[in-house]
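I set down each look-up in turn.

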Amino acid sequence: MTYIHDTIAKLKKTSPAQAEFYQAVEEVLDSLQPILESSEKYQLHSIIERMIEPERQIMFRVPWVDDQGKVQVNKGYRIEFNSALGPYKGGLRFHPSVNAGIIKFLGFEQIFKNALTGLPIGGGKGGANFDPKGKSDGEIMRFCQSFINELYRHIGPTTDVPAGDIGVGAREIGYMFGQYKRLTGNYDGVFTGKSLLWGGSLVRKEATGYGCVYFAQYMLEAKGDTLSGKRCLVSGAGNVAIYTIEKLYQLGAVPVSCSDSSGTIYHEAGVNLDTLKDLKEVRKVRLNEYLTAHPDARFIPVADYPADGNAVWRLPADLAFPCATQNELGEADAKALIANGCIGVSEGANMPSTQDAVEVFLDARIHYGPGKAANAGGVATSQLEMAQNASMQRWSFEEVDEKLKVIMKNIFLSASETAAEFGKPHNLMLGANIAGFRKVADAMIEQGVV
């Protein structure tokens, strides 16, 4: 542990005040202890030291003009973390919380997630501390165009292919792609998550949520169980949560919750998917309006959340799907889930469980699908979009969904077989981290000191 401890200590000195990044690095490095002890080549080639430092960090100002004619300024980021397996691939996040540490944590996670898919993509991430909420379409367009005025120099279909994330959907991708095309004169697959009208892939919108549920299905099937009849807690109310709920219904489960920044809906009869889509995809309003159509449901405002956690995880259920944001599920939440009979957690968001919460899950030996494995369906389908663009084809919904199911099954098998190889068959976090690390690290060694 001295080698890992010293590496993390050095990282904190050279990259100060980046708590989420340290958390992601520590979680991965702690899992890697068995493989570092069994193979000296990774330390000999300084793989850890090289892997935790991005190949390139791009930071820039984004000036834009609001509807009142006032100039606004935001910070833009793109972290091109690791290209050992292919071009950098990872989303863009537009949210007030975005800073260098958040983007580095997301980019670092992306390295291993992308490696687990088995597809030829490296790891990267980007975004800005811009909040699309409350902005007009014109303001969002002007911001996106200004953002791309700098970023276009650093991206391309064989170098770096951004996608969407929190705050970045098809609208934002469209504005950014249009400006990229205007500046470069190229119509190529430099973004994924595009509209179906001009190069997007079927299933891309659904992919992260669907994949998260497929991963849970494979965890249960490995122990002779199924999703059928399972009552499920889901957090969030964006794309990931909505399509997690949709796939849970398709596979016979009953999702009973969802949440947004205002509070949590608990509907014992099952969340009404049509109402949720209308509220969030069409009308774009707060979840408390769900009660208008479903007075038998319960709304828990954020003000009434427990002091030590999140109300959504204090409800009784068989399975939990954290699909909102990082560190939304803490130690007290994890203990409450288990006390209420939860037998499994599949993470739709990136690093939604704190390290203490993860330890609770692992100690309890429940099914635990870490985000870098369970939510890899989104980036996997992004790569399928890249493949369709490169070959100038459009695959059917069923064809893409079938490919997604196969990819998620292979990710589960890779994580579970690696965990068993290192003597901890119940620990899919260890298995996923080692499997992803080994693939990237071996490629780095073969490509020399670069």
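Entry 1: I began with arginine 142, which forms a salt bridge with aspartate 67, their closest N and O atoms lying 2.6 Å apart. I count a salt bridge where a side-chain nitrogen of Lys or Arg is within 4 Å of a carboxyl oxygen of Asp or Glu. The pair joins distant parts of the chain, 75 residues apart: arginine 142 belongs to helix H7 (residues 137-151), and aspartate 67 to the loop between strand E1 (56-65) and strand E2 (71-82). Helices (H or I, at least four residues) and strands (E, at least two) are DSSP runs, numbered from the N terminus. I note that the model is predicted: local features need pLDDT of at least 70 and side-chain atom pairs count only at pLDDT 80 or more, while totals for chains, interfaces and linings use all residues. Residues are numbered from 1 along each chain as its sequence is written, and side-chain values use heavy atoms, with hydrogens and water left out.

I then looked up accessibility, where buried means under 20% relative accessible area, exposed over 50%, and partly exposed in between (1.4 Å probe, protein chains only). Arginine 142 is partly exposed at 28%, and aspartate 67 is partly exposed at 43%.

**Entry 2: further salt bridges.** I found arginine 78 in a salt bridge with aspartate 160, with 2.7 Å between the closest N and O atoms. This pair also links distant parts of the chain, arginine 78 in strand E2 and aspartate 160 in strand E5 (residues 160-164), 82 residues apart. Arginine 78 is buried because its relative accessible area is 0%; aspartate 160 counts as buried, also at 0%.

Arginine 283 and aspartate 278 meet through their side chains in a salt bridge of 3.3 Å, N to O. Arginine 283 is partly exposed at 43%, and aspartate 278 is partly exposed at 30%. I also recorded a network of salt bridges that links Glu27, Glu109 and Lys372. The structure holds 23 salt bridges.

**Entry 3: aromatic pairs.** How many aromatic pairs does a search of the whole structure find? The search gives 18. Rings of Phe, Tyr and Trp (its six-membered ring) pair if their centres lie within 6.5 Å; planes under 30 degrees apart count as stacked, over 60 as edge-to-face and the rest as tilted.

Phenylalanine 94 and phenylalanine 130 have ring centres 6.0 Å apart and planes at 90°, so this pair is edge-to-face. The two lie 36 residues apart, phenylalanine 94 in strand E3 (residues 88-94) and phenylalanine 130 in the loop between strand E4 (122-128) and H7. Both phenylalanine 94 and phenylalanine 130 are buried. I find them in one aromatic cluster formed by Phe60, Trp64, Phe94, Phe130, Phe143 and Phe147.

**Entry 4: surface charge.** Asp30, Asp356, Glu359 and Asp363 gather in a patch of negative charge on the surface. Patches are made of residues with over 30% relative accessible area and no salt bridge, like charges being joined within 9 Å and nonpolar side chains (Val, Leu, Ile, Met, Phe, Trp, Tyr) within 5 Å. Which helix gives the most to the negative patch? Helix H14 (residues 355-364) does, with three residues. Aspartate 30 has its place in helix H2 (residues 19-31), and I noted that aspartate 30 is partly exposed at 39%.

Notes:
Areas by Shrake-Rupley, 256 points an atom, 1.4 Å probe, with all protein chains shown as cover. Lys, Arg positive; Asp, Glu negative; His and termini not counted. Charge placed at Lys NZ, Arg CZ, Asp CG, Glu CD.
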